[in-house]
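Please open the model in a viewer and keep the sequence at hand.

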Amino acid sequence: MKENKFMAIYNDLLLHIRKGIFQPNEKLPSENELSQRYQTARETIRKALNLLSEHGYIQKIKGKGSIVLDVGKYDFPVSGLVSFKELAQKMNKPARTIVHELELIEPDEYIKRQLETENKEKVWKVIRAREIEEEKIILDKDFLCQKFVPTLTRGICENSIYEYVENELKLRISFAKKEMFVDRVTAEDQKYMDLNGYEHVVVVKNFVYLEDASLFQYTESRHRLDKFRFVDFARRTHHPGMSDKSLK
């Protein structure tokens, strides 16, 4: 029974969040208060809160307690290849891109490995903050092979690199491999993002390929935790010989 108690508390708190009893940006009762409310040990409460945190419903902030996150976050599709401009148009919210760095560099060993480049190949480095409703909530760090993208300008980077690549360079962007994880905030994040006290960001690494399977871009997108929900669609594939009836 002890193992199941924290799940019961988790589900009850989650129901309160989904029903709006606990509002976004509201602080949950303290561990002591929850311990008294549910008549259980603080360790059990802590397990339930950790699970809520892992699933993106609350954020533990040092000195503030557990803050309820907005479950009506902006949707950012994981499986699709969508530019920020396209995303902003879909959301119909005030948005802009701020270019902090644009330079042609000789990549270090880490970027060479990510892009699988040769020693003498140069790479465009683009650092951009993404602002939605006057809050800088994404930091995009893009690295693009010059052999595929000979020229880049600040104007292109402020508008849409993908639009330029597809419409002007006539290259077809085909697919991407992605990694997603949570990382501690860096000095660069603090410099270019409005973090609102959050100590972690969600990181999405993109390895983007052209139609001929050439890897032309490596991107690291760093997202503020409270603003983005990453969505995907998955369908279970039936195994050979397994009928629909056998699933009932």
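The stops below begin with a strand and its partners and then turn to aromatic rings.

**Strand β8.** The model is a predicted one. Select residues 200-210, which make up strand β8. Ten of its eleven residues are buried, so the rest of the structure largely encloses this strand.

Next select residues 215-224, strand β9. Strand β9 runs antiparallel to β8 and is joined to it by nine bridges. Follow the chain from β8 into β9: the two strands form a hairpin, and four residues lie between them. Within that turn, stop at A213, whose phi is positive, at about 70°.

**Aromatic pairs.** Now show the aromatic side chains; the search of the whole structure gives four aromatic pairs. Which arrangement do the rings of Y110 and Y218 adopt? Their centres are 6.3 Å apart and their planes stand at 75°, an angle over the 60 degrees required, and the pair is therefore edge-to-face. Y110 belongs to helix α5 (residues 109-115) and Y218 to strand β9, so this pair ties together parts separated by 108 residues in sequence. Colouring by accessibility marks Y110 as partly exposed, with a relative accessible area of 31%. Y218, at 1% relative accessibility, is buried.

F175 is in strand β7 and Y209 in strand β8, so the contact ties together parts 34 residues apart in sequence. Are these two residues buried or exposed, or in between? F175 has a relative accessibility of 34% and counts as partly exposed, whereas Y209, at 9%, counts as buried.

**Aromatic cluster.** For the last stop, select Y110, F143, F207 and Y218 together; these four residues form one aromatic cluster. Y218 brings the view back to strand β9, the strand that forms the hairpin with β8.

Methods. Residues are numbered from 1 along each chain as its sequence is written. This is a predicted model: local features need pLDDT of at least 70, side-chain atom pairs count only at pLDDT 80 or more; totals for chains, interfaces and linings use all residues. Side-chain values use heavy atoms; hydrogens and water are left out. Buried means under 20% relative accessible area, exposed over 50%, partly exposed in between (1.4 Å probe, protein chains only). Two strands pair if DSSP finds at least two bridges between them. Rings of Phe, Tyr and Trp (its six-membered ring) pair if their centres lie within 6.5 Å; planes under 30 degrees apart count as stacked, over 60 as edge-to-face and the rest as tilted.
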